[in-house]
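Please walk me through this structure, one question at a time.

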Amino acid sequence: MTTTERLDQPRALRRSLRPHYDPEAFGRLSEQIARFLGTGRFIVYMTAFVGVWVGWNIFAPPNLKFDPYPFIFLTLMLSLQASYAAPLILLAQNRQGDRDRIQYEQDREAAELNQAEIEYLTREIAGLRIALNEVATRDFLRSELQRLAEDLRADPAGPPDRGPDGSPAGRADRGTGT
């Protein structure tokens, strides 16, 4: 068994003819370029560049002109710029789509969590309302005490006595000793 076949040993580094690049760094660079290509500043710079190019090749002395009238070299330069700009913009859009998808997923999870918390709190509030309906409220106790006070004022002898069976005993025997 050789060392490259063993799983507990790291593989030896191989040299490759393929260029190595960091996809994240390249993606960030493409986003920066795409962001710049989508600005008014780029359009102004490109317009000024094309204007200077055309102006130079029309008004310069014949021995200093490098791209005569049909401006073939300018067309080639603009085509080259467009052929690089389009994939960079697409790459930036793909990365933005991935970020949007992740953000959507996080928002959905947060919304589900919030919904679960709202449902829990709603059940708790409903339970508290039910429990409060079973508890004597301050207003209920006050009204009961006022009713008892009125009964006492109406009958100065006090509340009726209760017999052994819980029924009110007669008042005639109270205080008479009979």
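Q: Are H1 and H3 roughly parallel or roughly perpendicular to each other?
A: In this predicted model, local features need pLDDT of at least 70, side-chain atom pairs count only at pLDDT 80 or more, and totals for chains, interfaces and linings use all residues. Residues are numbered from 1 along each chain as its sequence is written, and side-chain values use heavy atoms, with hydrogens and water left out. Helix H1 (residues 23-37) packs on helix H3 (residues 72-134) at an angle of about 110 degrees, with their axes 8 Å apart, where axes are lines fitted to C-alpha atoms, for helices over the stretch in contact, and angles run from 0 to 180 degrees between N-to-C directions. Because angles under 35 degrees count as roughly parallel, over 145 as roughly antiparallel, 65 to 115 as roughly perpendicular and the rest as oblique, H1 and H3 are roughly perpendicular.

Q: Is arginine 95 buried or exposed?
A: Arginine 95 lies in helix H3, and, leaving aside its neighbours within four places in sequence, it is in contact with Pro23, Glu24, Gly27, Arg28 and Glu31. Its relative accessible area is 15%, and buried means under 20%, exposed over 50% and partly exposed in between, with a 1.4 Å probe and protein chains only. Arginine 95 is therefore buried.

Q: What do the buried residues of H3 pack against?
A: The buried residues of H3 are Leu74, Ala85, Leu88, Ala92 and Arg95. These buried residues pack against H1 and helix H2 (40-59).

Q: Is H2 roughly parallel or roughly antiparallel to H3?
A: The axes of H2 and H3 come within 11 Å and cross at roughly 160 degrees. That angle makes H2, relative to H3, roughly antiparallel.

Q: How many nonpolar, polar and charged residues are in the contact of H2 with H3?
A: Phe42, Met46, Phe49, Val50, Trp53 and Val54 in H2 meet Phe73, Leu74, Met77, Leu78 and Gln81 in H3. The residues of this contact divide into 10 nonpolar, 1 polar and no charged.

Q: How far apart are the end C-alpha atoms of H3?
A: The expected span of a helix is 1.5 Å times one less than its number of residues. The 63 residues of H3 should therefore span 93 Å, and this agrees with the distance between its end C-alpha atoms, 91 Å.

Q: What is the phi of phenylalanine 71?
A: Phenylalanine 71 is found in the loop between H2 and H3, and it is buried, with a relative accessible area of 12%. Although this residue is not a glycine, its phi is positive, at about 50 degrees.

Q: How many helices does the chain have?
A: Helices (H or I, at least four residues) and strands (E, at least two) are DSSP runs, numbered from the N terminus. From the N terminus on, the elements run α-α-α-α, and the secondary structure comes to 0 strands and 4 helices.

Definitions and conventions
Contact = heavy atoms within 4.5 Å. Nonpolar A, V, L, I, M, F, W, Y, C, P; charged D, E, K, R; others polar.
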